[in-house]
Amino acid sequence: MSQVVGRDDLLLVTLDTLRFDVAAELAGAGRLPNLAAHLPGGRWEERHAPGSFTYASHQAMFAGFLPTPAAPGPHPRLFAARFEGSESTADRTYVFDAPDLVSGLADAGYRTVCIGGVGFFNKRGALGSVLPGMFQESHWEPEFGVASPTSFEAQVARAERVVAELPAGQRLFLFVNVPSLHHPNWFHLPGATREAGDSRATHAAALEYVDRHIGRLFAAASSRRRCFTIVCSDHGTAYGDDGWTGHRLGHESVWTVPYAHFFLEPGAH
């Protein structure tokens, strides 16, 4: 990353609330053709989330603490603040002298843009303004939110406009928080009802919905130059697993998340 930063554009996509087991099953069954085409070996990497809900996890990720490989470490990080004694900072780590990665990339000449999804990015109050407030430019509207059945399509359209309006030489760090997997997601599964609510099956259908449209996002992000891309979940969620429901709790379904990083060459989709 010490060589990538300053040369390539950067894209970070958090598939908010996506469980690892659902992501792995769908990729293995050929139900995520657009995502799987870019996953190394066609498979998600199993990792542990840095937090059990959106706000905590994103605060950690924006400090350089991306989901950690689900195996004994230490694991060198891609990004790290300069910190004496850090055991996960390696020679190839991009080290920034700022309180967070977003500010560090801005200091390095990047245009930092947030396209929000869940409520912690909606800028409707003080708490919902903290995370998007780290960026030079941030976008949220009701069409991007958890209650919109077409949220990701609306986000992608905004991303396309953001990229199109940038000067050709301007490096970009684009962050997209995808809300489609989050509650409510029942409307992504044909035949499902509001009364029946969300389930593991509707969660899977929401991921298939995202996959149908993510090629446009990848194409926009790589339309000007090569783009280093991270796609991961910030945390999972429980659907009655061992009696647990939801997240902000310490169950395996919450802590275990899918992760991938890869380069998008110009013209990727």
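T17 is buried, at 2% relative accessibility; buried here means under 20% relative accessible area, exposed over 50%, and partly exposed in between, with a 1.4 Å probe and protein chains only. T17 sits in the loop between strand 1 and helix 1 (20–28), and its phi is positive, about 80°, although it is not a glycine. Helices are DSSP runs of H or I with at least four residues, strands are runs of E with at least two, and both are numbered from the N terminus.

A word on the source. This is a predicted model, in which local features need pLDDT of at least 70 and side-chain atom pairs count only at pLDDT 80 or more, while totals for chains, interfaces and linings use all residues. Residues are numbered from 1 along each chain as its sequence is written, and side-chain values use heavy atoms, with hydrogens and water left out.

K123 also has a positive phi, near 60°. K123 is in the loop between strand 6 (111–115) and helix 5 (127–130), and is partly exposed at 37% relative accessible area.

Now the cis peptide bonds. One runs from G73 to P74, with omega near 5°, and P74 is in the loop between strand 3 (68–69) and strand 4 (79–81). Another joins H183 and P184, with omega about -5°; P184 is in the loop between strand 8 and helix 7. For background, most residues other than glycine have a negative phi, and most peptide bonds are trans.

That loop between strand 8 (172–178) and helix 7 (200–221) also holds N185. Is N185 buried or exposed? N185 is buried, with a relative accessible area of 0%. The side chain of N185 makes a polar contact with the side chain of T202, at 2.5 Å. A polar contact is a pair of N or O atoms within 3.5 Å; within protein, one must be able to donate a hydrogen and the other to accept it, and residues adjacent in sequence count only if both atoms are side-chain atoms. Leaving out residues up to four places away in sequence, N185 touches S180, D198, S199, T202, H203, A206 and Y239, where contact means heavy atoms within 4.5 Å.

Finally, the whole protein. It has 8 helices and 12 strands. Of its 269 residues, 54% count as buried. Among contacts between residues at least 6 apart in sequence, 71% join residues at least 24 apart. The C-alpha atoms fill a box of roughly 50 × 40 × 40 Å, taken along the principal axes.
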